Amino acid sequence: MARRLMRGGHDCVVFDLNPKSVSDVAAEGAQAATSLEDLAGKLEKPRAVWIMLPAGQPTEQSVATLANHMEPGDCIIDGGNSQYKDDVRRAGALAPRRIHYIDAGTSGGIWGAERGYCLMIGGDEPAVRNLDPIFKTLAPGRGDIPRTPGLPEGTAEQGYLYCGPSGSGHFVKMVHNGIEYGLMQSYAEGFDILRNAGSKELPEERRYDLNIRDIAEVWRRGSVVGSWLLDLAAMALAENPELSSFTGAVQDSGEGRWTIIAALEEAVPADVLSASLYTRFRSRRDHTFAEKVLSAMRNKFGGHVERPAGG
């Protein structure tokens with residue numbers, strides 16, 4: 001993300017617990033910092049600090065540390081996958097100090113540096129509007145995607161959106177990830193059915209030896225089920241049609257669970273999304289080819305590496 005910002009003309013100060021990550025980006029023009037305190041000290045006021053950390057204590061501790069070195073008018077932007085209820089709490093805690101806390105749900109994975117990042121943003125609206133140059137640079141832009149007929153002009157077609165008050169950005173991203181679980185599960189089950197079309201349980205005249213790799217590819221061309229997730233599945237199958245490097249154990253990073261909790265709180269039925277989450281739980285005990293497809297897609301879009309069985 002720092003590289004994309006720098007290519008867009010922004011000056012960046014960077015810090016990471018891994019010194020090599022810092023030195024690599026600093027070699028490309030960023031200013032290196034040795035700590036969060038040092039980072040805050042090197043930024044011009046009013047400061048805007050983007051944190052990209054795992055949800056929970058890593059984010060909690062970093063926000064608390066940064067806040068101790070920031071002043072009224074400064075902004076902390078949480079681009080990770082924080083629980084939206086935590087955003088509401090943090091924003092409320094920082095408000096008396098007039099430090100803005102912005103939650104920016106970010107989608108794009110390891111491909112975002114080139115493709116751009118889809119951003120779903122919550123927080124104080126004037127503060128978010130002041131940060132528009134940052135969001136616009138990180139977002140994909142309209143590209144070659146045709147305009148949606150009847151859609152009013154706005155930032156959504158540029159790939160970023162102000163969703164509402166604190167927590168709303170991560171709430172939208174949470175549901176986005178819940179939907180992602182369901183979409184991935186649909187592809188995974190479909191490919192598993194195709195793979196087992198040659199089962200000896202079937203009458204011989206209805207057995208098919210199907211080329212799963214080529215089916216994934218042909219579906220990318222004009223099919224109504226085409227998507228970037230299908231592109232990634234096709235890529236993984238082209239590299240290894242048996243997906244033998246994946247165990248079939250599939251992890252979940254939290255957003256799927258939070259989506260189901262939100263559905264329960266709202267009394268909204270979420271049959272597909274809840275089933276896809278439970279399948280991931282089951283996959284850690286009993287694996288199918290479908291789970292290998294899920295693992296392959298997670299690896300392709302986010303660089304996720306599933307732990308080996310028993311690991």
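Which helices and which strand each supply at least two residues of the lining of the largest cavity? They are helix 7 (125–130), helix 8 (132–138) and strand 7 (160–164). Keep in mind that this is a predicted model, so every value here is computed from it.

**The cavity and a pocket**

Around the largest cavity sit Ile121, Val128, Arg129, Asp132, Phe135, Thr155, Tyr160, Leu161 and Tyr162. Strand 7 is the top contributor to this lining, giving three residues.

Helix 9 and helix 10 each put at least two residues into the lining of the second largest pocket.

**Helix 11 and its neighbours**

What does helix 11 pack against? The buried residues of helix 11 pack against helix 9 (168–195), helix 10 (212–219) and helix 14 (289–302). Those buried residues are Leu229, Leu230, Leu232, Ala233, Ala234, Ala236 and Leu237. In an α-helix there are 3.6 residues a turn, so residues three or four places apart point the same way.

As for its length, helix 11 has 12 residues and runs 17 Å from its first C-alpha to its last, close to the 16 Å expected at 1.5 Å a residue. At the start of helix 11, Ser227 has a side-chain oxygen that comes within 3.2 Å of the backbone nitrogen of Leu229.

Most residues other than glycine have a negative phi, and most peptide bonds are trans.

The peptide bond joining Lys45 and Pro46 is cis, with omega at about -5 degrees. Pro46 lies in the loop between helix 3 (36–42) and strand 3 (48–51).

Next comes Leu243, which is not a glycine but has a positive phi of about 50 degrees. You'll find Leu243 in the loop between helix 11 (228–239) and helix 12 (255–266). Is Leu243 buried or exposed? Leu243 counts as buried because its relative accessibility is 1%, and the cut-off for buried is under 20%.

Ala267 isn't a glycine either, and its phi is positive at about 55 degrees. Ala267 belongs to the loop between helix 12 and helix 13 (271–283). Ala267 is exposed, because its relative accessible area is 68%.

**Cysteines**

How many disulfides are there? The count comes to zero. A disulfide is a covalent bond between the sulfur atoms of two cysteines, and the cut-off used here is 2.5 Å between those atoms. The sulfur of Cys118 has its closest cysteine sulfur in Cys163, but the two are 8.9 Å apart, so they are too far for a bond.

| Cysteine | Relative accessibility | Class |
|---|---|---|
| Cys118 | 33% | partly exposed |
| Cys163 | 29% | partly exposed |

How values were computed: Residues numbered from 1 in each chain as written. Predicted model: local features only at pLDDT ≥ 70, side-chain atom pairs only at ≥ 80, totals over all residues. Heavy atoms only, no water. Helix = DSSP H or I, 4+ residues; strand = E, 2+ residues; numbered from the N terminus. Buried < 20%, exposed > 50% of the residue type's maximum accessible area, 1.4 Å probe, protein only. Expected span 1.5 Å × (residues − 1). Contact = heavy atoms within 4.5 Å. Polar contact = N/O pair within 3.5 Å; in protein donor to acceptor, adjacent residues only side chain to side chain. 1 Å grid on protein atoms, 1.4 Å probe; cavity = no way out; pocket = protein on both sides within 12 Å on 5 of 7 lines; lining within 4 Å.
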